Amino acid sequence: GAIAWIAAAVPIAAFIALVVVHSRLAARAAQLRDRVLLARAGVHRVRREWTELSERSWIAPSDHAYAEDLDLFGAASLAQLLPPVTPVPGTPTIQHWLLEPAPASEARRRQTAVAELAPMVEFRDALAIEASRIWGGHRRIEHFINWADDDATLLAQRPQLVWASRVLPLFTLGLGAAHAGGAIARPLWMVPLLIGMALSALYARRLVSRLRSALPESETLARYGVLFRTISDARFDAPILREVQAQLLTEHEPAHRQVARLVAIMQAAEVWRSPMLYFALQITTLWDFHLVHELERWQRSNGRDVRRWLDALGSVEALSALATLAHDNPDWTFPELSDEALASFDARALGHPLLPPRARVANDVTVGPPGTFLLVTGSNMAGKSTLIRAIGLNVILAQCGGPVCAERLRCSPLEVHSVIRVQDSLERGVSYFMAELQRLKKVVDAARAAPASGRTLLYLLDEILQGTNSAERTIAARRILGYLISAGAIGAITTHDLALADTPTLAPSRVDVHFTEQLRGGAEGSTMWFDYRLRPGVATSTNALKLLEMVGLPGEGMS
């Protein structure tokens, strides 16, 4: 008999051991697959292969001062250059940082943390992998946050129910055992059983709502716990990172252990997925009452800390995303952020962050001091719009604490407003010209309000007032620029209107730069070539008619 038992036990034990090993290997394989996918996405980001990158579901406010003009979100955007972050809180944190400039002192603190995180590849990858796994089950996280903040309770205000849920199952099981053993003749165990069933029926809806409606799936919650543990276990030197770690501590245990407790409660609640087992547990032990009681105890102990934990996670994710940007672009640098009252933007070898390195052409650019503006002229497709977008995007990156696409950049606190992409609206009955005027009014209003905010307006205007005739366009542009100059704003404006460059009243304030093109002959005719180099002075050439002929439309000598 002993040999038979051993013969049966050995393969069973071996099977159990193999199941454990297989589970660990499967988890490791999944981790490695995620690392490979993350690395491939990193290569696509470095090469700016936009079609290979998933488009983030980040939506900027439609009336924001620069988000749409500078391609912060959407396809081929700055958001696509960042690694995966959680839908809550990573995404809203990064959105806020990109849409609202931080004070120079705070941006400098972030720079220190970003520089420390840049070489911590394993740490950043661990955050990104867990964040990418959360996207499938994130929709109820907001409900969880609201539940954690809520003071409403079910059983805490009804202690008699808690005691009933403890006592009734004991009576049911005790009396049932006594009846089965013959100690008592009657099935008295049915009395507490029926009372328990009546309580379950009476409170079933509220118990179920408490357990399932407010909380995410346990798997999603567990991934947040992994993120908290990853941050808590890391070793940091940057003050802002150490402060974030402190936010993940409670009076009793770190956040990830508290989340693990909550995950255990939620996994116990998921027994409802097996109806027969759930029914048996509920009628014999009043299962839901115990779970809700534990849930409310957790809520009272930790509910007020949840937002603090998530705020800490969002800050680390945002810093880690900017650190990935620094790591993936080693030729970028951290800007010098000054607190000077005299507004300025001074960059050496400034490039557009969204262009691939092999196609990017860098230029030295200076905007300011107040009372001056940069007038950018040049042919179509020569790089004027790209230049002012490069200025705006790099200011945004600088003021959120990230690296910039430049060899060197120095800027003072600036408030960016742009008028680059203008769209009419048939639905609202707004013509292109009126839509542009509305955008320009916001720029003028911002110039009025900027001194009170402690920042100087940096305006970026691309071929403004195209919706009217050339004579009125020139007069209107002069008036707008004159006001912005008098308000102490700095900025850059692109134009094909060379009459604007001949305005005597603007001459003392104007800094003229231009792009140009070259024509190259070939067997199939002339081709146009751009070097995208910024040159001093006003453009002396145009290419509209040349482009007309190159695309096969009637031009000089054609009939």
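# Briefing on a predicted protein chain

At 14% relative accessibility, Glu463 counts as buried, because the cut-off for that class is under 20%. The model is predicted. Its protein chain holds 18 helices and 12 strands, and 48% of its 559 residues count as buried.

**Overall dimensions**

- The radius of gyration of the protein chain is 32 Å, whereas a compact globule of 559 residues would have one near 24 Å.
- Taken along the principal axes, the C-alpha atoms of the protein chain fill a box of roughly 115 × 55 × 55 Å.
- Considering contacts in the protein chain between residues at least 6 apart in sequence, 77% join residues at least 24 apart.

**Helix H1**

- Helix H1 covers residues 2-47, and its 46 residues should span 68 Å at 1.5 Å a residue; the end C-alpha atoms are 67 Å apart, which agrees.
- The buried residues in H1 are Leu38, Gly42, His44 and Arg45.
- Helix H4 (121-134) and helix H13 (306-328) are what the buried residues of H1 pack against.
- Arg48 follows H1 and has a positive phi, near 55°.

**Helix H3**

- Helix H3 (residues 104-117) has 14 residues and reaches 20 Å from its first C-alpha to its last, close to the 20 Å expected at 1.5 Å a residue.
- Buried residues of H3 are Ala104, Ala107, Arg110, Gln111, Ala113, Val114, Glu116 and Leu117.
- These buried residues pack against H2, H4, helix H9 (239-247), H13, S1 and H14.

**Nonpolar cores**

- In soluble globular proteins, nonpolar side chains tend to be buried together.
- The largest nonpolar core has 119 residues, of which Phe345 and Ile391 touch the most other members.
- H13 gives the most to this core, contributing 13 residues.
- Leaving out residues up to four places away in sequence, Ile391 touches Phe345, Leu350, Val365, Val367, Leu458, Leu460 and Ala492.
- Another core, of 26 residues, lies apart from the largest one; Val430, Ala447, Leu457 and Ile480 are among its members.

**Four-stranded sheet**

- Four strands form an open sheet with mixed pairing, in the order S1-S5-S2-S3.
- Strand S1 (336-337) and strand S3 (363-367) stand at the edges with a single partner strand each, so one side of each has no neighbour in the sheet.
- Strand S2 (residues 345-350) and strand S5 (residues 408-411) run antiparallel and are joined by four bridges.
- Asp346 stands opposite Arg410 in S5.
- Helix H14 (residues 384-399) packs on this sheet and touches S1, S2, S3 and S5; the direction of H14 makes about 110° with that of S2.

**Six-stranded sheet**

- The order S6-S7-S8-S4-S9-S12 describes an open sheet of six strands, again with mixed pairing.
- Strand S6 (414-419) and strand S12 (535-536) are the edge strands, each pairing on one side only.
- S7 and strand S8 (residues 490-494) run parallel, with five bridges joining them.
- Within this pair, Leu460 stands opposite Ala492 in S8.
- Helix H16 packs on the sheet, touching S4, S7 and S8, and its direction makes about 160° with that of S7.
- Helix H15 (residues 432-453) lies across S6 and S7 and runs at about 170° to S6.

**Backbone details in the loops**

- Val88 and Pro89 are joined by a cis peptide bond, with omega about 10°; Pro89 is in the loop between H1 and helix H2 (90-99).
- A cis peptide bond also joins Gly368 and Pro369, with omega about 10°; the loop between S3 and strand S4 (373-377) holds Pro369.
- Ala76 is not a glycine, yet its phi is positive, about 50°.
- Ala76 lies in the loop between H1 and H2 and counts as partly exposed, at 28% relative accessibility.
- Glu463, also not a glycine, has a positive phi of about 50°.
- The place of Glu463 is the loop between strand S7 (456-462) and helix H16 (470-486).

Key. Residues numbered from 1 in each chain as written. Predicted model: local features only at pLDDT ≥ 70, side-chain atom pairs only at ≥ 80, totals over all residues. Heavy atoms only, no water. Helix = DSSP H or I, 4+ residues; strand = E, 2+ residues; numbered from the N terminus. Expected span 1.5 Å × (residues − 1). Buried < 20%, exposed > 50% of the residue type's maximum accessible area, 1.4 Å probe, protein only. Contact = heavy atoms within 4.5 Å. Core = buried A, V, L, I, M, F, W, Y, C linked by side-chain atoms within 4.5 Å. Pairing = 2+ DSSP bridges. Axes fitted to C-alpha atoms, helices over the stretch in contact; angles between N-to-C directions. Rg over C-alpha atoms; globule rule 2.2 N^0.38 Å.
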